[in-house]
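Try each task before you read its solution.

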Amino acid sequence: MAQGEVVRLLTETICKVLGISKQKLMSESRHKRNVEGRKIFSSIIKKIIPEITYTKIGIHLNRNHATILSLRDKHNWEYKYIFEYAKLYDRCYNLFMDRYVKVDVTEDIEIRLTKYDQRHEKKNE
């Protein structure tokens with residue numbers, strides 16, 4: 001899936017879960033739900049696409065990179081200490097992953113076992 005498509009689908013998912021519009025997510029509003037949406041978006045997108053820059057995330061949310069770094073820090077603290085926020089984040093993340101990111105666990109396990117076998121064969125030679 002292309003980066004732009006991931007951004008679009010993640011935005012839609014978060015807006016649906018939080019009950020806000022895309023315009024509110026990207027607005028200047030400091031309403032709690034809108035800010036939570038920005039924190040959740042910036043955290044999930046960085047987790048899914050590690051190579052995306054904070055500047056690119058900021059462009060999508062109409063913010064600068066320093067604001068995105070601040071959102072990241074606030075997310076980390078709130079996820080650890082505020083149960084309601086953690087629940088919201090998990091709902092957004094799990095819904096997005098279940099709907100749009102298909103992971104074949106069986107294939108992943110087979111790949112890991114093959115790599116494990118190869119390493120042990122080399123050690124035994």
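**Exercise 1. Find the partners of Ile 45 beyond its neighbours within four places in sequence.**

Step 1: Step 2: Ile 45 then touches Val 6, Val 7, Leu 10, Ile 52 and Ile 57.

A word on the ground rules: this is a predicted model, where local features need pLDDT of at least 70, side-chain atom pairs count only at pLDDT 80 or more, and totals for chains, interfaces and linings use all residues. Residues are numbered from 1 along each chain as its sequence is written, and side-chain values use heavy atoms, with hydrogens and water left out.

**Exercise 2. Describe the largest nonpolar core.**

Step 1: Gather buried (under 20% relative accessible area, 1.4 Å probe, protein chains only) Ala, Val, Leu, Ile, Met, Phe, Trp, Tyr and Cys residues that are joined through side-chain atoms within 4.5 Å. Step 2: The largest such core has 26 residues, and those with the most contacts inside it are Leu 10, Ile 14, Ile 40, Phe 41, Ile 44, Ile 45 and Ile 57. Step 3: At least two core residues come from each of α1 (3-18), α3, α4 (54-61), α5 and α6 (83-100). Step 4: The biggest share is that of α1, with 8 residues.

**Exercise 3. Count the helices and strands in the protein.**

Step 1: Take DSSP runs, numbered from the N terminus: H or I of at least four residues for helices, E of at least two for strands. Step 2: The protein has 7 helices and 0 strands.

**Exercise 4. Characterise the lining of the largest pocket.**

Step 1: On a 1 Å grid over the protein atoms alone, a pocket is an open set of points where a 1.4 Å probe fits, with protein on both sides within 12 Å along at least five of seven lines; lining residues have an atom within 4 Å of a point. Step 2: The lining includes Ser 42, Lys 46, Tyr 54, Arg 72 and His 75. Step 3: Both α3 (32-48) and α5 (65-81) supply at least two lining residues.

**Exercise 5. Is Thr 53 buried, exposed or partly exposed?**

Step 1: Locate Thr 53 in the loop between α3 and α4. Step 2: Its relative accessible area is 37%, and exposed means over 50%, with partly exposed lying between buried and exposed. Step 3: Thr 53 is therefore partly exposed. Step 4: Now find His 65, 12 residues away in sequence and 8.3 Å away in space, C-alpha to C-alpha.

Note on methods
Contact means heavy atoms within 4.5 Å.
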